[in-house]
Amino acid sequence: DVKPGETINGSFIVKNIGDSGSLLDWEISEYPEWGQWTITPSSGTDLSSGDSVSVYVEVIAPDNPEFEFTGVVKVVNSINPDDYEIIDVLLSTPRNRASTFHWLFERFPMLERLLGLLK
């Protein structure tokens, strides 16, 4: 549950798990179109076998309340595009309480009457 316009930070690791002596050139080839994304670094070259790099991600949530956003971040071997990893992304902006109660009362009108009796 992320508020619309809120900034979320995260990270993941890109690691060369190739054969000894191999070098990995990589890039972020895809990320969701929703929100404002900053990915640092978004690519790299000559990552030695066994070495890794931390990738930092900042996302500013879209202004849409009551919505669930999904997508992927795709990390690709720049030399061999068939070698890639997909990271699933999910971001939900919460419902405001008034609209939640309104929905409940529309669906279950007796609930509103019962709660009114408790006042």
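Of the contacts in this chain between residues at least 6 apart in sequence, 62% join residues at least 24 apart, a contact being heavy atoms within 4.5 Å. This is a predicted model, where local features need pLDDT of at least 70, side-chain atom pairs count only at pLDDT 80 or more, and totals for chains, interfaces and linings use all residues. Residues are numbered from 1 along each chain as its sequence is written, and side-chain values use heavy atoms, with hydrogens and water left out.

**Overall make-up**
- The chain has two helices and seven strands, and its pattern along the sequence reads β-β-β-β-β-β-β-α-α. Both element types are DSSP runs numbered from the N terminus: helices are H or I with at least four residues, strands are E with at least two.
- Buried residues account for 24% of the 119 residues. Here buried means under 20% relative accessible area, exposed over 50%, and partly exposed in between, using a 1.4 Å probe and protein chains only.

**The sheet**
- Four strands make an open, antiparallel sheet in the order S4-S2-S6-S7; two strands pair if DSSP finds at least two bridges between them.
- Strand S4 (43-48) and strand S7 (84-93) sit at the edges with a single partner strand each, so one side of each has no neighbour in the sheet.
- From one strand to the next, the twist averages 25 degrees, with axes taken as lines fitted to C-alpha atoms and angles running from 0 to 180 degrees between N-to-C directions.
- S2 and S4 pair over four bridges, and Leu23 has Ser48 in S4 as its bridge partner.

**Aromatics**
- There are four aromatic pairs: rings of Phe, Tyr and Trp (its six-membered ring) pair if their centres lie within 6.5 Å, with planes under 30 degrees apart stacked, over 60 edge-to-face and the rest tilted.
- Trp34 and Phe69 are a tilted pair, because their ring centres are 5.4 Å apart and their planes stand at 40 degrees.
- That pair ties together distant parts of the chain, 35 residues apart: Trp34 is in the loop between strand S2 (23-30) and strand S3 (36-40), while Phe69 is in strand S6 (residues 67-77).

**Thr93**
- Thr93 lies in strand S7 and is buried, with a relative accessible area of 5%.
- A polar atom of the Thr93 side chain is 2.7 Å from the backbone oxygen of Asn64.
- Not counting residues up to four places away in sequence, Thr93 touches Val2, Pro4, Pro62, Asn64, Pro65, Glu66, Phe67 and Phe69.

Technical notes: Polar contact = N/O pair within 3.5 Å; in protein donor to acceptor, adjacent residues only side chain to side chain.
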